[in-house]
Amino acid sequence: MTKILVTGGTGYIGSHTVVELQKAGYEVVIIDNLSNSNIHVLDGIEKISGIRPEFIEGDVTDLPTLRKLFSSHPGIKGIINFAASKAVNESVEKPLKYYRNNLVSLLNLLDLMPEFGVEGIVFSSSCTVYGEPDNNPIDESAPIKPATSPYGNTKQISEEIITDTIYAGAPIKSIILRYFNPVGAHPSAEIGELPLGVPQNLIPYLTQTAAGIRKELTVFGDDYSTPDGSCIRDFIDVNDLARAHVIAMKRMLENKGEKLEIFNLGTGTGLSVLQLIESFERATGVKVPYKIGKRREGDIEKIWADPKKANEVLGWKAEADIDDTMRNAWRWQQRVTPKNP
């Protein structure tokens, strides 16, 4: 059984990917410092897949911890790296935290991979590297624009680090996956997006508002050059996203592609924030109190993917219907909302 290390594996996308890896027959080792996740996620993973993955509580920015992990778990063939801080707003306020977490963790992994015979790394990147695009939909050949936040900058720098490392002759391969906007939860409602504190992302804030935990959702701006004035994004179901990582890992380990490949992961359809609220209300029958606020600094007006390369080369396609995705997100929220005594 091929052994895969998933860093940040108890997080939102990490946990769904662990489920898909185990379904595909991989043996999974997780390392996570639990800074933005919960140890009980392992219970959810086990309930869905029937397998409890090996878990190490530790920080990927700590080289001795990582070396000890590779020594005590020999035979790891691939890494999927989710170990990163990911809130755009927070990165503006705490840039050093983001540069340290997101870059040092990657440097440590790349340092140790040749030493321990790890063949490839799937890197979790983002469509933020494109900035405000000149045209939509956007494919992998689109220019990389100056980052609008330290978070976005760490993704650009990370991609450059991986590219330079492979160009220098390191005996490793990498697939860089540029996500658009992951949403939803596992259909079982055993795992989902559970931010600590006030949510930084749209869907958990929306579902918490629908559940009465938050007073109202703020839509940042209704005066953009879009059909309804709100920003447009490419919302991709987290389960579809997780499947893409398994396909990428298999491709890498079977030596089917180049040493370095980059893919956009999205649905190919742009949906506005107001349309997403409508989808949630239609799918669940629950109204979401919201107000229109001012535009938010750093927000891109509209961006959605051209996923043709991933569709054709990886044989992967986003399949989930957005209303089903919203229903799953709501089922998860209902499960984790504290019940009144």
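Start by selecting Phe280 and Trp330: both are buried (under 20% relative accessible area; exposed is over 50%, partly exposed in between, with a 1.4 Å probe and protein chains only).

Before going on, note that this is a predicted model, in which local features need pLDDT of at least 70, side-chain atom pairs count only at pLDDT 80 or more, and totals for chains, interfaces and linings use all residues. Residues are numbered from 1 along each chain as its sequence is written, and side-chain values use heavy atoms, with hydrogens and water left out.

**Stop 1: two helices**

Select helix 9 (residues 273-284) and helix 11 (residues 322-336). Helices here are DSSP runs of H or I with at least four residues, strands are runs of E with at least two, and numbering starts from the N terminus. The two helices pack at an angle of about 70°, their axes 8 Å apart. Axes are lines fitted to C-alpha atoms, for helices over the stretch in contact, and angles run from 0 to 180 degrees between N-to-C directions. Helix 9 is therefore roughly perpendicular to helix 11 (65 to 115 degrees; under 35 is roughly parallel, over 145 roughly antiparallel, the rest oblique).

Now show the side chains. Helix 9 brings Leu276, Ser279, Phe280, Arg282, Ala283 and Thr284 to the contact, and helix 11 brings Ile322, Asp323, Met326, Arg327 and Trp330. Contact means heavy atoms within 4.5 Å.

**Stop 2: aromatic pairs**

How many aromatic pairs does a search of the whole structure find? It finds two. Rings of Phe, Tyr and Trp (its six-membered ring) pair if their centres lie within 6.5 Å; planes under 30 degrees apart are stacked, over 60 edge-to-face, the rest tilted.

Select Phe70 and Phe116. Their ring centres are 5.4 Å apart and their planes meet at 20°, so the pair is stacked. Phe70 lies in helix 3 (residues 63-72), and Phe116 in the loop between helix 5 (95-115) and strand 5 (120-126), 46 residues apart. Phe70 is buried at 3% relative accessible area, while Phe116 is partly exposed at 24%.

Return to Phe280 and Trp330. Here the centres are 5.6 Å apart and the planes at 85°, so this pair is edge-to-face.

**Stop 3: charges over rings**

Select Arg214 and Tyr205: the charged end of Arg214 sits over the Tyr205 ring, 5.9 Å from its centre. Then try Lys309, whose charged end sits over the ring of Phe263, 4.9 Å from its centre. The test is NZ of Lys or CZ of Arg within 6 Å of the ring centre and within 35 degrees of the ring normal.
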